[in-house]
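Please read these notes beside the model. They are numbered so that each point can be checked in turn.

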Amino acid sequence: MIRYHRPATLTEALAIRAGEDVAILAGATDIYPAAANRRAWGDPTHKDVLDITAIPGLHDIEEDAHGWRIGCLVTWSQVARADLPRQFDGLRQAARQVGGVQVQNRGTILGNLVTASPAGDGIPNLLALNATVEIAGPDGTRMMPVADFLTGYRATALGHDEIAVALHIAKMPRAISGFRKLGARHYLVISIAMVAGVVDIDENGRILMARLSIGACTATAQRLPVLEGELRGTSIYQADKVPEARHLDHLSPIDDIRATAAYRRDAALRLLRDLLWEFGE
């Protein structure tokens, strides 16, 4: 028999989390399909469920002088509709392409990160935004960059007694961003390759800072530090000519039913050039 917990406070939720091995439920767009898949293969077991949706303070996007706090229950649809500046355009584009409208209305941005799928559409955008994760535990709250939070294929640095409660993103007033993904069709599809970028430019169109990341081409989404360095000082109107195959050498795409590794690598490079070309338009 599966036990179902729905605490009304974070303190209560953390006590349950520390006391037993539970599956945390936020949007439930991953937890139920995973259980159905196990049952289809003859495994009816399921962890007890910790439903955190009744906890106050986790449903909102909050802004202060330094940036934004996105609670762990904020959905894709909330982000798509929110009044956010251009540095969030890439994340909003991803929000409109994740599953169908039902998934967008239920699925959460932070849940997508905690699932840590290589093809999680939000993850490259969070890396490009240099987001940090707010993690609550029995000893208080700690902050961790998304790049450190992801430790491997569907693995994170989240402790067995911790809950990821929010994302924090600093303000970049001049920044622009974007997102490109390739799949067998435009919607309702797992990505073959995807690219996200956030670029800060000066009044003359020179790149002051670039953060670029690739998803679905290795066990975890990856930034492109060599390319980012070479883009600094480049005109945004010439940026699409800078990326080369060597900039993706640290990626390790796989062959699977969706694409070959070689196809993924070539697609990622083309998506990257397309994204940078769009920034210059």
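1. Helices (H or I, at least four residues) and strands (E, at least two) are DSSP runs, numbered from the N terminus. Contact means heavy atoms within 4.5 Å. Buried means under 20% relative accessible area and exposed over 50%, with partly exposed in between (1.4 Å probe, protein chains only).

2. This is a predicted model, in which local features need pLDDT of at least 70 and side-chain atom pairs count only at pLDDT 80 or more, while totals for chains, interfaces and linings use all residues. Residues are numbered from 1 along each chain as its sequence is written, and side-chain values use heavy atoms, with hydrogens and water left out.

3. Which residues of H1 (residues 10–19) are buried? They are Ala13, Leu14, Ile16 and Arg17. These residues lie on the same side of H1, because they cover an arc of only 160° around the axis; the arc is that of the directions from the helix axis to the C-beta atoms. An α-helix has 3.6 residues a turn, so residues three or four places apart point the same way. On the face of H1 turned away from the buried side are the exposed residues Thr11, Ala15 and Gly19.

4. The largest nonpolar core has 58 residues. Such a core is a set of buried Ala, Val, Leu, Ile, Met, Phe, Trp, Tyr and Cys residues joined through side-chain atoms within 4.5 Å. Phe88, Leu113, Leu126, Val133, Val146 and Leu167 touch the most other members. S10 gives this core its largest share, six residues. Apart from it lies another core, of 26 residues, including Val242, Leu251, Leu276 and Phe279.

5. What does valine 146 contact, leaving aside neighbours within four places in sequence? The list is Leu113, Leu126, Leu127, Ala131, Thr132, Val133 and Leu167.

6. Alanine 28, in the loop between S2 and H2 (31–40), has a phi near 70°, a positive value in a residue other than glycine. Alanine 28 is buried, because its relative accessible area is 18%. Alanine 216 lies in the loop between S13 (207–215) and S14 (222–223), and its phi is also positive, about 65°. Alanine 216 counts as buried because its relative accessibility is 10%.

7. Zero disulfides (pairs of cysteine sulfur atoms within 2.5 Å) are held by the structure. Cysteine 72 is buried at 3% relative accessible area, and cysteine 217 is buried at 2%.
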